Amino acid sequence: MKIRQRRVSKKLKGSKNRKKAANKLGRFHKKITDKRVAYQWDVASKIVSRKIDAIALENLNISGMLKRCKVKIDENTGRFLKNGQSRKKGLNRAISDASWSELILKIEYLAAKQGKVVIKINQSHSSQECRNCGHTDKSNRDGEKFICTECGYHEHADIGAAKTIRDRGLEIVRGDSAKLAARQLNAQKVSPRTYVQTW
Ligand SMILES: [Zn+2]
């Protein structure tokens, strides 16, 4: 991508060669997009096609996640302090690159087609809550690791959070089975967007 970009900018503005190079760059961009879209459909269909009735997704606040870190200023000296923005930049890029919101839309679309329910679970503390004792603490989480400061329970943080999301989804499904059945009956008639329930 860098090379193709450079080839465009090295060519005389308005020239035929610049146009040619720009076309090549555009095709390369499209290739990447196409690959990502195909990959997303593949992932979405793998998730939705499993022998399941409902899919619980973390209701991610993606635009919030992409936000810049707050500026930190030293009260005494008035100088800027490290606020983690440079570390966050990498995460921002990873989040945009994965295009989670697009993947979620594809999951919702396929689920509606197959008469399956998509439940969005609010993310509050899902990665900080201990699955063993329920203790919720920021310091439970250390990067990829989850170690409970109360009972010592440990697990991969993302897998633990995923299990918590699943359990919360199950709670909702069990408490709401009548409504759920009604929704499944109407699954084919409604559009994917209105079908999705948010709790
Ligand atoms: Zn615990």
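Predicted model: local features only at pLDDT ≥ 70, side-chain atom pairs only at ≥ 80, totals over all residues.
The chain contains 8 helices and 8 strands. Of its 199 residues, 16% are buried. Among contacts with a separation of 6 or more, 56% join residues 24 or more positions apart.

The largest nonpolar core comprises 17 residues. Ile55, Leu57, Ile107, Ala111, Val118 and Ile119 have the most contacts inside this core. Five elements each contribute at least two core residues: helix H2 (16-48), strand S1 (54-59), helix H5 (100-113), strand S4 (117-122) and helix H6 (157-175). The largest share, 5 residues, is supplied by H5. In soluble globular proteins, nonpolar side chains tend to be buried together.

Two packed helices are described by the angle between their axes and the distance between the axes. For H2 and H5, the angle is about 45° and the axes lie 9 Å apart. H2 is therefore oblique to H5. The crossing of this pair is right-handed. On the H2 side, the contact is made by Gln40, Trp41, Val43, Ala44, Ser45, Ile47 and Val48. H5 contributes Glu102, Leu103, Lys106, Ile107, Leu110 and Ala111. By class, the residues of the H2 contact with H5 are 9 nonpolar, 2 polar and 2 charged. Ile107 and Ala111 of H5 take part in this contact, and both are also listed among the core residues with the most contacts.

Lys46 also belongs to helix H2. This residue counts as exposed because it has 10 C-beta neighbours inside 10 Å, and the limit for that class is 12 or fewer. Lys46 is 61 residues from Ile107 in sequence. In space, their C-alpha atoms are 9.5 Å apart.

The other packing pairs H2 with helix H1 (residues 2-10). Here the angle is about 160°, and the axes are 8 Å apart. H1 is thus roughly antiparallel to H2, as the angle is over 145 degrees. H1 passes H2 in a left-handed crossing. Arg4, Gln5, Arg7 and Val8 form the H1 side of the contact. The H2 side consists of Arg18, Ala21, Ala22, Lys24, Leu25 and Phe28. The residues of the H1 contact with H2 comprise 5 nonpolar, 1 polar and 4 charged.

Notes. Residues numbered from 1 in each chain as written. Core = buried A, V, L, I, M, F, W, Y, C linked by C-beta atoms within 7 Å. Buried ≥ 20, exposed ≤ 12 C-beta atoms within 10 Å, placed from the backbone. Helix = DSSP H or I, 4+ residues; strand = E, 2+ residues; numbered from the N terminus. Axes fitted to C-alpha atoms, helices over the stretch in contact; angles between N-to-C directions. Parallel < 35°, antiparallel > 145°, perpendicular 65-115°, else oblique. Left-handed = near helix turned anticlockwise from the far one by under 90°. Contact = placed C-beta atoms within 7 Å. Nonpolar A, V, L, I, M, F, W, Y, C, P; charged D, E, K, R; others polar.
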